[in-house]
Structure formats: structure tokens, C-alpha cells
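Hi,

Here is the model I said I would pass on. Have a look at it first, and my notes on what turned up follow below.

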Amino acid sequence: MIMKNKKNTHTPIPSSIPRLPLLLLLLLSLSSTSCSSSLLKKPPPLPILPLPSAPQLQWQLGHMAMFLHFGPNTFTDSEWGTGHVDPSVFNPTNLNATQWVQVAKDSGFSRVILTAKHHVGFCLWPTEYTNYSVSSSPWRNGGGDVVGELAKAAKDAGIGLGLYLSPWDRHEQCYGNTLEYNEFYMGQMTELLTRYGNIKEVWLDGAKGEGEKDMDYFFDSWFGLIHQHQPGAVIFSDAGPDTRWVGDEAGVAGSTCWSLFNRSSAKIGDTDFQYSRGGDPFGHDWVPAEYDVSIRPGWFWYSSQVPKSARTLLELYYKSVGRNCLLLLNVPPNSSGLISAEDIEVLEEFSKLRRSIFSQNLAIDAKIRASGTRGSANNSWFNPYNVVEEGFHSYWAPEENQSNWVLYFDLQELVSFNILLVEEPIHMGQRVIKFHLEILNENGEWNKVTNGTTVGYRRLLQFPIVKSQNLRFVIDKSRAEPLISYLGIYMDPFSILSNISDSTTSINSSQILPHIDFNHSQIAVL
């Protein structure tokens, strides 16, 4: 059988049509594909562990909280008390928790923390586990509830509520019996955690006077109970688990302060203060520092005492919030149940000072460039202009595999300033180890203005007034490729230079290199 050839059904290209345009069309198609690929978003760099939890992140962003020491000691001019004062002394006839909360909110505090029970054992809520409480006092005819009134006021005002329940109890008879007292304590804690809505912070400590009964606190059981009932709460103690005491009640943090920490290296009530003060660049846990200090000489209100000045509070702000910590400022209500007028006056002035200094970033209109940018400078979600935009979710990220990390600022005119503010996007981990700031002088030479160690959530550095149009911010060492979410320069005309000190803690350069490879699945390989 003879097979016939099939006819060619394809239409031939006429020889009259030039073939060159077809090649151009092909090249344009490939170019278009390449361009669309270049417009794809470069993913963020991998975070470096450890990282903050969502409650820890919210806590840190609050930057200031107000402590409210209040109880029988308010009426007896005492700090720790004996635990045997008659409940009848507690009678704050003008108590107004709404006033406390409004003062806190107006002054820039993100939450209030009340001593629901201090060392004397007197409870500011109607507990069912002891008669030593507001129920046995003449206040509100025994029907009052300070915790309840504060919880409602805080909720109405939209600020967080925290509670302090002292482990040491100088009144309770079962204190010293480990099993019985731990059951008693957890019963009271459960009342506080289940009656008053969302609790943002639970504050514990290991304070106990010398010669007191021996007691073993079941801290791990307490922590489990707290996280079970209030999963959004952070727990403060000498050693965490969520936030730590820095070991200093003067409101002054170390100039090097890591949020990284090893909880296994700390014990509540017996912590190495130097370790707590600086944190640990090799730490496996995220446990940022909290600094508690009182606006008055004492923690409770005394009629004979006066508050610190607003400028003193500003200095404490620089040395706490400005060193990667949360400032917990105690403002004790007086015996009438109100925050005193003189304390309010100081807080108002403190707020005005902060607004005056930090309301305008003097670098906001600067032309900014970087030594390198992740994803290229022209098409990047990580460009250097992010550092003058508020909010930690946008940030500058350098080019990968780079060891030179510099941000250049052209302010476009001569600017005088004496404050540097730097922030890291801490949801990506704490990275920066060492940095410095330089200005270009009139001779075209770069002069160092200031330097520091660690940044974290917020770092503030003070220095003598300088004037320049051109700046460069240099990151000298970092645990991984550094990320900067904010950088600002400001003028503070109020602080006295003699009060400014910012000593640095040296880090062995043989341990941490300017640029390193690191393991993202665990802590950085250092």
C-alpha cells in the first residue's frame, strides 16, 4: 500500500517579512519577564533568636508604667509594716481610682500596677482567704474593692492593669508552712486573675526581711497558673520569666543592656545584680529589664516627703527607657485616696519636657543613603528612609554578606543637636553590639560625637551640643546583619551636662566579630 505524504498545514512565513523584528519581540518578552521578577518583593531577613512573645512586645512598646503603692502603710508612715496593724486604719475617704488612671494616661504611662497585697498581708480586694482585707475596714463600710475600682477605671481609659501580690506575708499564720502557704497564695492569685478582666502584668519579687520564716515558693506552679488564666500577661520577677528586675531601685540601667538572658543563670531572691543589669549577649531567653523607682524617697506616701523634680525624672528616663528598659515609676496615692497635687504637677512638667525635646526629629527631612540596602537601593522595602518613619515594622536592612554598615544623613542645612535616638525592630531579635555617630566638620573631616553599646527597643545618648549638616551612623559590631527601625537627633536644652554619663561595657572582640555567619534555628553562633 502506497502512503501519501501529508500536506503541510502550517502557514509559511512570507519571505517579504523581515525576521529581525521577531528577534526584537523575543528579546522584549524576555526583558519584560526579567523586570517583573525584579519587582518581586525581597523577603525580610531571618530573625535571630531569642525573640519576644506578643505580650513582651506590647509591654516593651509601652515604655513606661505607673506603680501604685497603697495600703495600711499609707496611713502609718511605714515601708514594710508589721502585718499586725488594725484594718480600721485603712480609710481613704476620697479614693478615686479614675483620678489615678487619668493622671497615668495624661503623663504617658501605658499601664498601672497596684500593690494588691504588700508585705503586710492586707488585701485591697475582698478575698475569701483572709479577713485581713478591705472587708474589715471602715472604707465603703467594708464593702469596697480597690482592685475592682482600679480595674474598671483602667478599662474605661484604655490602659493596661497590672497587679503585685507579695509572696512575703507578715500577717498570714500559715506563712512558713510551705505546702499550706503555697496553696493559700495560689488561691488568692486565682481570685485576682479571674475577677478583674484582662491583667497585663503580674509583679512578683523575692523580698523578705532578715530573720523571717523560711519559705519555699513554688514559682513554677505560680507561673503556670498565671499563664493559664491570663495568657496575655507578662510576669515580672528578679529572674523573669517574661521581664526581669535590673537590681537597682534608683532607676538607672547599665549602659550595656541586653534583653537576652539565661533564666537558668538567675534565681528569684538570689540574683547576680551585675548579670541582671547588663543581660547576656549569649542568652537563650528573651527577658527584658524593668526599672522600678519612686517619685518620692519612699515607696508609700508620707506627708513629710516631696517628689523628685521633673528634670530628675527626665534624667531617669534617659537612663532607663533610653537604655532598652521599661521605666516603672511609683506614684503613691495619699491617705485621702488621691494622687497628690504636687506629684501631678511634677508629672505634667515631665511630660512637657519630653514633648518639647522629642516632638520633632531634626533629621526628618534629611537626604539619606546607606552603605548597602537589602534588595538594592532603588527597589527595596528596606530602604534607609524607613529610619525616619515611626513604627518598628519598617526598617533599614543592609545588603547581605556585607561587613560595612553605615547610614549617611545630609540634613540640607546646619543643625544643632545633643541627643541621638536609635531603635531596632526587636521582633526580629536584638542585634547591634556596638555603634558610633560621626559628624562632618568644616574641614571635611569626620569627627566622632558619641558611641554606645546595645540598642534594643530604644537607645538614647546625650552629648555636648554639636552643629553639622552631615552625619554618619556606623554600626561597628552586630550579632547578625543589623536592622534599624528608627534614628533621630534632637535638642535637649534642659539637661545639665555634668549629669550625663554613659560608660560602656567592653565586649571581647575575639568572641563577637564585626560580621559573622549565624544559625537561625538556634542562638547565633558566636
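The chain has 10 helices and 16 strands, where helices (H or I, at least four residues) and strands (E, at least two) are DSSP runs, numbered from the N terminus. Before the details, some ground rules: this is a predicted model, so local features need pLDDT of at least 70 and side-chain atom pairs count only at pLDDT 80 or more, while totals for chains, interfaces and linings use all residues. Residues are numbered from 1 along each chain as its sequence is written, and side-chain values use heavy atoms, with hydrogens and water left out.

Of the 526 residues in the chain, 55% are buried. Buried here means under 20% relative accessible area, exposed over 50%, and partly exposed in between (1.4 Å probe, protein chains only). Taking contacts between residues at least 6 apart in sequence, 78% join residues at least 24 apart; contact means heavy atoms within 4.5 Å.

Helix pairs

Two packed helices are described by the angle between their axes and the distance between the axes. The axes are lines fitted to C-alpha atoms, for helices over the stretch in contact, and angles run from 0 to 180 degrees between N-to-C directions.

Start with α4 (residues 97-106) and α5 (residues 146-157), whose axes come within 8 Å and cross at roughly 40 degrees. That angle makes α4 oblique to α5 (under 35 degrees counts as roughly parallel, over 145 as roughly antiparallel, 65 to 115 as roughly perpendicular, and the rest as oblique). On the α4 side the contact is made by A97, T98, W100, V101 and K105, and on the α5 side by V146, E149, L150, A153, A154 and A157. By class, that gives eight nonpolar, one polar and two charged residues (Ala, Val, Leu, Ile, Met, Phe, Trp, Tyr, Cys and Pro count as nonpolar, Asp, Glu, Lys and Arg as charged, and the others, Gly among them, as polar).

The other pair is α6 (residues 178-195) and α7 (residues 219-229), packed at an angle of about 20 degrees with their axes 10 Å apart. These two are therefore roughly parallel to each other, and their crossing is right-handed. N182, Y185, M186, M189, T190, L193 and T194 of α6 meet S221, W222, L225, I226 and H229 of α7. That contact has seven nonpolar and five polar residues, and no charged ones.

While you are in α6, click on Q188, which lies in that helix. Q188 counts as buried, at 0% relative accessibility. Leaving aside neighbours within four places in sequence, Q188 is in contact with K117, C123, W125, T127, Y129, T130 and L165.

Salt bridges

How many salt bridges are there? The count comes to 14, with a salt bridge taken as a side-chain nitrogen of Lys or Arg within 4 Å of a carboxyl oxygen of Asp or Glu. Among them are these:

- R374 with E400, the closest N and O atoms being 3.5 Å apart. Both lie in the loop between β11 (367-370) and β12 (405-423), so the pair ties together parts that are 26 residues apart in sequence. R374 is buried at 7% relative accessibility, whereas E400 is partly exposed at 37%.
- R458 with E423, at 2.9 Å, N to O. R458 sits in the loop between β14 (446-453) and β15 (459-478) and E423 in strand β12, 35 residues apart. Both R458 and E423 are buried.
- E438 with R472, at 2.3 Å, N to O. E438 is in strand β13 (residues 432-440) and R472 in strand β15, so this pair ties together parts 34 residues apart in sequence. E438 is buried at 11% relative accessible area, and R472 is partly exposed at 21%.

Salt bridges that share partners also join K42, R374 and E400 into one network.

Most residues other than glycine have a negative phi, and most peptide bonds are trans. The following depart from that:

- L49 to P50 is a cis peptide bond, with omega near 0 degrees; P50 is in the loop between α1 (20-38) and α2.
- G240 to P241 is cis, with omega near 25 degrees; P241 is in the loop between β5 (234-237) and β6 (243-245).
- N401 has a positive phi near 55 degrees and is exposed at 67% relative accessibility.
- T454 has a positive phi near 60 degrees and is buried at 1% relative accessible area.

Cheers

Methods:
A crossing is left-handed if the near helix is turned anticlockwise from the far one by less than a right angle, and right-handed if clockwise.
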